[in-house]
2 protein chains.
Amino acid sequence: MSDEQIPGYTLGDDDVPEAPIDRAAFDRLQQSVMFTDDDEEYLQMAGDVLEPQIDDILEVWYGFVGDHDFLLEYFADADSGEPIEEYLDRVRERFGQWIRDTCDTPYDDDWLDYQFEIGRRHHRMGKNEADDVDAVEHIHMRYLVGFIYPITATIRDFLENSDHSAEEVEKMYHAWFKSVTLQVTLWTYPYVPDEDW
Amino acid sequence: MSDEQIPGYTLGDDDVPEAPIDRAAFDRLQQSVMFTDDDEEYLQMAGDVLEPQIDDILEVWYGFVGDHDFLLEYFADADSGEPIEEYLDRVRERFGQWIRDTCDTPYDDDWLDYQFEIGRRHHRMGKNEADDVDAVEHIHMRYLVGFIYPITATIRDFLENSDHSAEEVEKMYHAWFKSVTLQVTLWTYPYVPDEDW
């Protein structure tokens with residue numbers, strides 16, 4: 001599927017606001033998660049491994065959300081409390097593209113700008129707009145941070161499902177872990193007063 | 001060293017405010033990081049492995065902070081910009097105890113209350129008070145979240161430095177990863193409006 005067909009996906013679009021941090025601040029954040037040029041290479045390797053497995057990965061992640069009412073709730077209609085299937089489907093396609101983008105290193109300015117857009121789309125400031133739905137208006141930040149674990153740990157089996165050596169799998173896995181931590185950190189931006197973040 | 005001798009360490013003290021979330025909310029957060037009873041057991045195992053290595057672990061972590069001016073800055077005098085050695089030493093002792101507390105499962109109400117105290121001590125709301133220092137007044141939240149990676153990844157070698165099987169090391173490591181993610185999530189509480197967290 002080409003990017004243009006993914007509903008609500010706007011990475012690189014002119015109407016995505018610029019990131020509120022400069023490259024130097026982003027570089028410091030990368031250092032805090034020990035992210036290096038090597039990780040960029042291992043993420044590219046991971047991208048090749050994960051591409052044909054994206055649907056399976058999304059099955060695992062959506063299964064996890066679906067197994068927990070307090071998580072599924074964020075995809076629910078604000079009034080009826082019923083999960084909105086079309087909303088789930090649209091987000092699923094973007095989530096698949098997010099796997100590709102996570103592995104599409106190096107991270108350029110468009111990518112960085114879009115991380116803050118992703119953050120806004122979790123926060124009451126921007127949730128539901130991209131999909132024009134009347135779902136619950138806000139995703140609590142605690143679950144964004146908490147999700148670092150499942151989104152990292154569950155990728156391991158998919159990375160192992162390849163011809164790469166154990167050492168390469170380990171390095172892909174750590175590059176992924178660093179990138180998820182880095183991205184979730186960026187997504188927390190709209191939740192916190194600027195001077196405290 | 002007994003708890004009483006650790007400077008500024010107040011887990012279990014009457015003057016630690018109660019956690020702003022109840023056990024049901026804590027349980028949901030544990031579910032979001034896939035934390036189970038098994039993890040409690042593997043953390044206890046990890047505690048035995050890590051106890052004699054605590055000084056070495058702290059050397060690694062303090063080395064990481066010391067290698068990055070933008071991190072060391074949080075331990076610096078607000079006026080002179082020079083690192084405050086006594087402050088670094090006091091925090092180091094508490095950081096050692098934090099390793100023990102992380103492995104001292106199950107997590108009771110005193111432990112949960114204290115996680116929010118740790119959060120306040122990173123935020124401008126409470127930083128420097130426990131050590132009565134005039135250091136930089138606030139630790140930016142982005143580095144709390146970012147630190148999930150180094151504090152997790154660097155523990156692996158220390159867990160391997162034991163007689164446990166590769167499978168047990170793996171399970172201890174994942175229990176640690178879940179717990180770090182869980183705790184950092186709790187520490188972000190004071191940074192975010194209550195209804196958004």
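Which residue forms a salt bridge with B:D196, and how far apart are the closest N and O atoms? The partner is A:R124, with the closest N and O atoms 2.7 Å apart. A salt bridge here is a side-chain nitrogen of Lys or Arg within 4 Å of a carboxyl oxygen of Asp or Glu.

This is a predicted model: local features need pLDDT of at least 70, side-chain atom pairs count only at pLDDT 80 or more, and totals for chains, interfaces and linings use all residues. Residues are numbered from 1 along each chain as its sequence is written, chains are lettered from A in the order in which they are written, and side-chain values use heavy atoms, with hydrogens and water left out.

**Interface of chains A and B**

- Contact means heavy atoms within 4.5 Å. On that rule, 39 residues of chain B touch 39 residues of chain A.
- The buried area is about 3,600 Å². That is the accessible area (1.4 Å probe) that two parts lose on being put together, summed over both.
- Carbon and sulfur atoms give 66% of the area buried between the chains. In chain B, the residues that lose the most area to chain A are B:R142, B:Y149 and B:D196, together 20% of what that side buries.
- There are 18 residue pairs in polar contact between the chains, both residues at pLDDT 80 or more. A polar contact is a pair of N or O atoms within 3.5 Å; within protein, one must be able to donate a hydrogen and the other to accept it, and residues adjacent in sequence count only if both atoms are side-chain atoms.
- On the chain B side, the elements giving two or more residues are α1 (23-32), α7 (141-146), α8 (148-153) and α10 (166-187). Helices are DSSP runs (H or I, at least four residues), numbered from the N terminus.
- α10(B) gives the most to this side, with six residues.
- The chain B side divides into 20 nonpolar, 13 polar and six charged residues. Ala, Val, Leu, Ile, Met, Phe, Trp, Tyr, Cys and Pro count as nonpolar, Asp, Glu, Lys and Arg as charged, and the others, Gly among them, as polar.

**Salt bridges**

- The structure holds 26 salt bridges over all chains. B:D196 lies in the segment after α10 of chain B and A:R124 in the loop between α6 (109-122) and α7 (141-146) of chain A, so their pair joins two chains.
- The rule finds two salt bridges across the interface.
- B:D196 counts as buried, at 6% relative accessibility. A:R124 counts as partly exposed, at 31%. Buried means under 20% relative accessible area, exposed over 50%, partly exposed in between (1.4 Å probe, protein chains only).
- A:K171 and A:E167 meet in a salt bridge at 3.1 Å, N to O. They are four residues apart in helix α10 of chain A, so about one helical turn separates them.
- A:K171 is partly exposed at 35%, whereas A:E167 is exposed at 52%.
- B:E170 pairs with B:R156, the closest N and O atoms being 2.8 Å apart. This pair links distant parts of the chain: B:E170 sits in helix α10 of chain B and B:R156 in helix α9 (residues 155-160) of chain B, 14 residues apart.
- B:E170 is partly exposed at 27%, but B:R156 is buried at 16%.
- A:R90, A:R94 and A:D131 form one network through salt bridges that share partners.

**Helices of chain A**

- Helix α2 (residues 37-50) has 14 residues and should span 20 Å at 1.5 Å a residue; its end C-alpha atoms are 20 Å apart, which agrees. The expected span is 1.5 Å times one less than the number of residues.
- The buried residues of α2(A) include A:D39, A:E40, A:Y42 and A:L43. Their cover includes α3 (54-66), α5 (85-103), α9 (156-160) and α10 (166-187) of chain A.
- α10(A) has 22 residues and should span 32 Å; its end C-alpha atoms are 31 Å apart, which agrees. Of the 22 residues, 17 are buried, so α10(A) is largely enclosed by the rest of the structure.

**A:T152**

- A:T152 is in helix α8 (residues 148-153) of chain A. It counts as buried, at 0% relative accessibility.
- A polar atom of the A:T152 side chain lies 2.7 Å from the backbone oxygen of A:I148.
- Leaving aside neighbours within four places in sequence, A:T152 is in contact with A:Y173, A:W176, A:F177, A:V180 and B:F177.
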